[in-house]
Amino acid sequence: MNNATTRMWGGLAIAFFAIMAFLPVVTSDSIIAVLTLIMMFAFFGQAWNLMMGYVGQLSLGHGLYIGLGAYACAVSVGTFGLSPWLGILIGAVISAVVGAFVAWLGFRFAVKGIYFTLLTIAVAELGRLSFENWSFVGGNAGYFLRVAQDTHPLLSLRGGTTFYYFCFLVLSILGFWGTALLIRSRLGYFWRAIREDEDAARAIGVRALRLKILAVMISAAMTSVGGSFYALLSGSLFPDTMMGMRFSIEIIIAPIIGGMGTLFGPIIGAFFVIPINEISNHAAQSMGIFGLNTLIYGVLILMVIVFLPDGIWPPVAKRIERWMKGGASS
Amino acid sequence: MSQPKPLLQVQGITKRFSGLTAVSQVSFDVPEGKIMGLIGPNGAGKTTCFQMIAGAMKPTQGSVVFDGRSLDGLNPEEICELGIARTFQVVRPLQEMTVLDNAMVGALLRAPSLDEARDLAASTLDQIGLGAKKDILAMHLTLPDRKMLELAKALATQPRLLLLDEVMAGLRPTEADEVIAVLRKLNGEGLTIVLVEHVMRILMSIADHVAVLHHGELITQGTPEAVTRDPRVIESYLGKGAKHGH
Amino acid sequence: NNHPTKVGVILPTSGVLAFPGQASRRGVEFAGMINKERNGPAMELIYADTESKAENGRVAAEKLIREGCSVLIGCWDTGATISAAQACEAAKVPLVINIASAPQITEQGFTQIFRNFTPATQLVSNAVQRIRELAAKTDDPPKTATVLYVNDTFGQSALKAMQAEWAKQNLPIEILDTIGYDVRAKDLSVEVAKAKATGAELLLPITRVNDAIMIVREMVKQGYNPKAIIGPGSPGPYEKAFTDALGKYGDDYMVCVPWLNVKNPRAVELAKRFEAMDSKNRFELNVGFSYEAVDIVADALRRAKSNDAAAIHAALKTTDIKDHVMWGGPIQFNEKGQNPNIGVALLQNQNSEPTVVGPAEAAVAEVVYPMRPFNER
Amino acid sequence: MLAVENLKVRYGEAEALADVSLHILPGEIVSVVGANGAGKTTLIRTIAGMVKAAQGRVVFDGQDITGLDSTGVCELGIAQVPEGRQIFPSLSVVENLRLGATLRRAQADRKQNLSRVYETFPRLAERQKQLAGTLSGGEQQMLAIGRALMANPRLVMFDEPSLGLSPILTEEMFGVVSSLHDSGFSVVLVEQNVVESLELCDRAYVLETGNIALEGDGKALLGDDRVRQAYLGL
Amino acid sequence: MYSLYANVIAGGVLIGIVYALIALGLTIMFGVMRVVNFAHGELVVLGMYIGYLLWLSLDITPVMAVPLSAIIMFCVGYVLQIGLINRFIRRPHHAQFILFIGLALIITGIHMLVFGPDARSIADPSSFETYEVFGLRLDAVRLYGAAVALVMIALLLLFLRYSSTGSAIRAAADNQTGAQAIGLRVNRLYAVTAGIGVACAGVAGTLISPIFDTQPYLAGELTLLAFIIVIIGGMGSLMGALVGGILIGVSESVAALLINPAMKAMFSYGLMILVLLLRPQGLFGVKQR
Ligand SMILES: Nc1ncnc2c1ncn2[C@@H]1O[C@H](COP(=O)(O)OP(=O)(O)OP(=O)(O)O)[C@@H](O)[C@H]1O
Ligand SMILES: Nc1ncnc2c1ncn2[C@@H]1O[C@H](COP(=O)(O)OP(=O)(O)OP(=O)(O)O)[C@@H](O)[C@H]1O
Ligand SMILES: CC(C)C[C@H](N)C(=O)O
Ligand SMILES: [Mg+2]
Ligand SMILES: [Mg+2]
């Protein structure tokens with residue numbers, strides 16, 4: 001990517017996030033609530049994409065890191081009375097360590113490809129089951145944050161709809177920006193090389209083990225931070241919903257549908273997937289037809305993956321690029 | 001005759017795959033600044049030898065010494081950092097990266113900054129004639145170009161020893177000659193090379209020394225001329241009426 | 001105010017808890033209909049589904065509040081209720097809890113909740129009371145018991161409450177084992193085998209519906225015939241799904257739950273009407289308490305004369321309904337939002353009908369004890 | 001016997017064959033040479049029905065077979081020894097051979113063909129039960145040829161049968177091809193070993209980036225210095 | 001104590017054989033087409049609904065419904081392969097994953113629409129029957145289920161090993177290009193394979209319909225169960241599926257006895273991780289595939 005196109009996309013990103021920041025002024029709370037979800041999934045997607053899209057490690061167990069972040073933060077606040085900021089940090093560190101361990105296990109024992117994916121599932125499920133049976137965090141009965149006290153939202157990180165919208169918007173921006181920086185650095189080259197062919201990369205001196213572990217750690221820590229905020233937003237934590245397979249699957253649909261290994265993909269994907277989900281849920285509930293939502297959602301993501309093999313964003317990006325170039329030359 | 005000191009010493013390496021002994025007790029030295037050929041029938045264990053030298057496989061027995069340092073237990077990337085680069089018999093380009101980026105990954109091993117790596121990669125590509133194609137994705141290259149890219153990636157790591165596994169197989173004679181010229185030049189600049197080739201013409205024209213593997217064992221070694229006259233080599237590898245080298 | 005008040009209803013109408021969730025929804029709908037007939041305050045009932053996922057309680061509550069609901073009803077399940085209560089607390093919108101039994105709901109510092117259901121502690125202390133009465137009545141009381149409990153928010157709190165109560169009331173029945181199983185368990189053969197192996201004479205299952213069915217089916221297969229099965233305050237046996245699936249094998253199963261006031265003719269008449277309208281369903285606990293929740297809201301609206309959440313909240317605080325359908329004293333809410341006056345009956349399935357067999361003042365039939373062995377039915 | 005008329009083949013946007021016409025007479029060995037990526041494999045795969053032509057026709061025995069799938073083509077008696085051998089590594093040698101005779105045209109003669117293959121390649125007979133993946137490169141090549149012969153073919157197409165083989169095995173390979181020719185098969189031979197393949201063939205085509213650049217007697221092409229330099233890279 | 005363990009282990013073995021059939025469907029599709037069917041559990045549930053529906057409407061017990069269910073599910077698999085899965089065979093895992101998630105959602109959606117969310121139990125008198133064998137009390141439905149599953153597995157093994165279609169399928173699994181080059185109709189073989197894979201899932205579903213109450217949400221768990229078994233037995237290995245199935249069936253039951261039943265699933269995942277680390281190709285898997 002040359003400098004001109006980089007600048008163009010950078011400009012586009014800034015414009016996009018600026019618009020997003022102004023939206024709460026003009027829209028209703030219910031739209032903001034949906035946008036919050038979109039930003040949250042865009043962020044989770046970005047974190048997952050870093051590991052899959054750029055380093056080629058397919059994880060289906062990212063729910064584990066959401067859950068670890070969520071529980072670490074909630075328990076720090078609820079049980080130990082610590083600041084949520086500290087809780088977020090603790091969660092990120094724990095997740096990074098667990099992520100590093102999983103990556104190390106996979107690497108050490110040469111568990112590759114689809115087997116690595118299944119390893120991530122197994123570890124995540126084991127994590128969920130442990131939490132379900134760990135009474136300190138409430139086990140299956142759940143862990144509930146007490147009602148927020150009247151402190152400053154930036155201290156307690158508890159607030160209303162708009163507050164959490166901005167939290168996740170900021171996370172998205174940081175995620176986007178951080179990923180952009182990372183993939184343009186040395187690391188980015190090495191990661192892509194590993195994604196393409198790990199053995200070939202190692203043969204030309206790429207330290208695959210550390211770099212992969214590092215990628216998983218960053219991805220896990222990012223995911224965990226998102227999970228912490230989600231816990232604060234949600235207030236009630238259950239292992240099954242916070243770290244179950246379902247969450248793991250949900251967060252990867254957006255980046256794949258949007259376009260894997262691209263910066264905008266996870267965001268575009270979230271803008272597609274979440275509203276579809278909301279609208280079909282609403283339709284099904286108001287009509288009282290159970291299952292309709294699932295059906296609509298399934299059909300739509302199936303259609304995208306059948307007809308747009310690379311996801312939504314890459315063909316759109318190509319068109320924009322062509323259009324910009326055409327505009328410049330004419 | 002005063003031999004230069006060996007850069008690479010292969011000491012009795014053996015590789016067994018469940019039941020099958022692919023390489024058995026093979027020892028040879030590669031003197032610094034020389035070009036050494038490794039030949040042998042299909043399945044003789046040539047690629048396996050390379051795999052073990054480059055750290056991609058652990059020898060069942062024996063060890064490899066590079067520049068006086070044992071390579072036991074080192075990873076491929078560590079061995080590469082010490083100065084050994086290799087190509088893969090079945091080419092392995094980084095498909096969805098451009099030719100330049102492929103070479104840059106190798107160059108980043110020693111280049112302190114992205115810009116310097118880019119320059120180094122570009123000059124390596126120019127050297128072997130891939131300069132014009134640097135912005136093409138590797139997956140769109142033709143097979144000979146992929147082989148050259150394989151070479152470029154290896155060279156970009158600025159190795160002292162280069163292991164080439166059939167880089168010229170499938171090239172037309174004129175194309176192969178161009179590669180030979182490049183290798184000669186690099187060798188002139190001090191690069192030590194070990195190469196596996198089935199095309200005797202190529203081997204005869206650049207190897208200083210040839211080792212022959214058969215059923216995983218080193219059956220003979222010596223100058224190219226001596227080796228091709230060896231009856232065991234003729235029987236197991238070259239064939240009687242061979243008039244090789246088109 | 002001419003605009004109907006928007007009342008949000010949060011229930012698990014799909015997912016694992018769909019069965020009771022939908023029964024509850026029918027209760028709400030029925031109550032809405034009756035309210036209209038009686039020219040009660042205008043209400044618009046808006047439904048939201050939790051898909052049986054606890055955390056969706058909050059999502060649903062927030063959504064309903066955004067849609068303009070000034071009072072909510074829900075959520076049947078303890079987990080979802082706590083999570084919805086958080087949203088209600090943040091938005092200061094009252095939540096009338098139709099069903100949910102975990103004690104911690106009223107211990108979280110919520111100011112917006114009104115629970116017209118017995119907390120597990122009370123449920124269980126009544127249940128233990130019923131078991132004591134039963135044991136006193138026979139000359140062959142069970143001496144040992146085993147607990148089988150569903151390992152979720154509700155199951156765990158019920159178990160805890162039960163263990164505490166057991167010790168407190170010093171019942172002469174020894175608890176041999178407590179066996180927990182997963183909410184999503186697809187088969188309980190090992191759990192039942194384990195319970196059978198303890199040889200307990202009394203089985204105390206804390207269940208939801210599906211697992212209650214699985215337990216009995218396994219007991220039949222494995223030939224496990226304790227002297228009695230008594231659910232200490234859990235759903236299951238009184239539901240239509242249970243009696244339909246098990247037929248004669250579902251008989252003699254007992255459970256201690258709040259129930260319809262079968263001695264109140266108005267209540268009985270209502271139940272008959274409901275069952276006449278919808279022959280596939282029974283006016284059981286889910287329907288009843290959901291019905292009553294709407295009644296409570298309607299009563300508050302009548303007094304508040306406003307759509308404002310705060311006014312409704314104030315009215316709810318002073319609720320005092322004497323004549324109502326479920327068995328117990330007047331509906332009133334204490335400072336924690338709990339109605340302390342709900343009674344707990346001992347039900348036993350007899351000829352596939354849940355029948356009140358205790359306590360004496362509420363009973364309409366004699367208890368079958370000991371339970372008839374399955375293979376002799 | 002086989003005629004290819006104005007064939008054009010595309011992979012997505014890339015054109016692999018631009019306009020290729022050639023023919024093979026019964027009992028002939030026809031060699032197709034050309035640089036890497038010239039389109040030789042594509043030609044074979046198109047004839048075999050594994051790749052769809054964008055334009056042009058393939059005619060076999062007067063019958064238009066352009067639209068036929070690979071099964072249909074094989075049924076007519078066109079077999080191939082594909083690039084990279086493509087044997088079934090985790091099946092045994094016999095199983096590999098038997099699978100070559102799955103088609104209707106070959107089922108009846110299966111036994112007879114099997115013993116003929118074993119006669120031609122005694123090495124395969126020795127290793128009937130061995131898993132094909134554990135054979136040496138040369139043996140695998142024999143197996144691929146044997147498997148093609150099991151289909152009762154009239155025309156056999158070879159795609160780079162000597163690739164990666166040692167000199168001695170390469171030599172053996174050419175021996176096998178010429179003996180097939182002697183026993184009456186028609187043969188299309190695609191090879192990197194330009195010299196041997198031109199020496200062996202009756203006629204040859206030189207393919208260059210999707211077009212036929214030259215056609216003629218193999219030895220004559222070899223003898224022409226201009227051709228050697230410009231097209232054969234010798 | 002003896003009888004407790006013996007009974008539980010026997011029950012585990014019986015259900016394990018049915019699990020094996022589920023896993024077989026998954027492993028066969030992976031072995032031949034290299035696709036990982038994340039919608040497998042949904043297809044099992046579809047088989048369960050078929051069993052339930054046939055019992056409800058025609059009063060056919062699930063064991064008797066197996067042939068019909070096998071035929072229906074074979075067609076489902078065949079059509080799915082031709083219509084959808086085939087285009088994804090050469091696409092990366094994550095794309096296949098989304099395809100199957102989409103399929104799973106669609107199937108679940110249809111289940112919910114048609115049958116609603118409630119658990120459906122087959123209240124046939126036969127589902128309360130038991131047999132006494134050697135002092136063991138064996139559940140009749142499990143016994144029939146295991147017997148039918150065992151027969152299916154045996155027939156499949158014989159079919160793949162000795163029939164010509166079977167060896168053609170194995171050939172296509174081994175080397176797709178090679179299969180095409182010798183004129184095998186690869187797409188049809190794939191469709192047959194998918195048909196068989198889905199039929200395994202469906203038949204297993206029908207067999208377990210009187211044991212587990214049928215409900216849409218069971219699917220995810222069954223998919224994971226099949227994965228665990230396949231990983232333990234070895235992806236693509238039929239023997240592995242059988243042994244893995246029994247192993248998991250038994251370990252689930254025994255784990256429920258030894259530890260808190262609520263934690264029994266941990267046992268299976270632990271086992272799976274162990275196998276992944278120590279023998280990634282699985283107990284019966286072939287290395288390097
Ligand atoms: N990973 C492996 N597992 C099992 N056997 C192997 C493995 N790699 C190589 N072999 C076997 O080891 C032997 C030597 O193989 P190797 O690739 O080294 O031969 P080669 O001399 O490079 O042959 P060629 O000239 O055909 O490339 C062969 O019989 C091969 O089948
Ligand atoms: N599946 C494919 N998709 C896209 N392009 C392809 C495909 N197969 C071949 N090509 C391209 O078509 C052209 C012709 O390829 P083909 O394989 O027919 O050449 P060839 O003459 O057989 O070369 P070689 O000597 O390397 O075998 C090449 O440019 C190649 O890159
Ligand atoms: C007794 C039950 C109806 C209680 C309710 N299911 C709960 O979760 O709290
Ligand atoms: Mg080799
Ligand atoms: Mg080719």
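**View 1. Two strands side by side in chain C.** In this predicted model, C:Leu148 has C:Ile179 of β7(C) as its bridge partner. The two strands behind that pair are β6 (residues 144–150) and β7(C), which run parallel and are joined by 7 bridges.

**View 2. The whole sheet in chain C.** Step back from that pair, and you can follow 7 strands in the order β7-β6-β8-β9-β10-β11-β12, forming an open sheet with mixed pairing. Which strands stand at the edges? They are β7 (174–181) and β12 (353–358), and each has a single partner strand, so one side of each is left without a neighbour in the sheet. On average, neighbouring strands of this sheet are turned by 25° against each other, direction ignored.

**View 3. Ligand 1 and its surroundings.** Which chains surround ligand 1? Residues from chains B and E do, so the site is shared between chains. There are 15 residues around the ligand, and those that come nearest are B:Gly43, B:Lys46, B:Thr47, B:Thr48 and B:Gln89. By type, the shell divides into 5 nonpolar, 8 polar and 2 charged residues. Helix α1(B) gives the largest share of the shell, 3 residues. Both β2 (20–31) and α1 (46–53) of chain B supply at least two residues each.

View 4. Look for the oxygen atoms of ligand 1: one lies 2.9 Å from a backbone N or O atom of B:Gly45, and a backbone N or O atom of B:Ala44 is 3.2 Å from an oxygen atom of the ligand. A side chain takes part too, with an N or O atom of B:His198 lying 3.0 Å from a ligand oxygen. On its own, ligand 1 has 630 Å² of accessible area, and the protein covers 70% of it.

**View 5. Ligand 2 in chain D.** Here 13 residues lie around the ligand, with D:Gly37, D:Lys40, D:Thr41, D:Thr42 and D:Glu83 coming nearest. Helix α1 (residues 40–47) of chain D brings the largest share of this shell, 3 residues.

**View 6. Polar contacts of ligand 2.** A polar side-chain atom of D:Thr41 lies 2.5 Å from an oxygen atom of ligand 2. For D:Lys40, a backbone N or O atom is 2.8 Å from a ligand oxygen, while for D:Glu160 a side-chain N or O atom is 3.2 Å from one. The protein buries 64% of the 630 Å² that ligand 2 exposes when taken alone.

Notes: Residues numbered from 1 in each chain as written. Chains lettered and ligands numbered in written order. Predicted model: local features only at pLDDT ≥ 70, side-chain atom pairs only at ≥ 80, totals over all residues. Heavy atoms only, no water. Near = heavy atom within 4 Å. Polar contact = N/O pair within 3.5 Å; in protein donor to acceptor, adjacent residues only side chain to side chain. Areas by Shrake-Rupley, 256 points an atom, 1.4 Å probe, with all protein chains shown as cover. Helix = DSSP H or I, 4+ residues; strand = E, 2+ residues; numbered from the N terminus. Pairing = 2+ DSSP bridges. Axes fitted to C-alpha atoms, helices over the stretch in contact; angles between N-to-C directions. Nonpolar A, V, L, I, M, F, W, Y, C, P; charged D, E, K, R; others polar.
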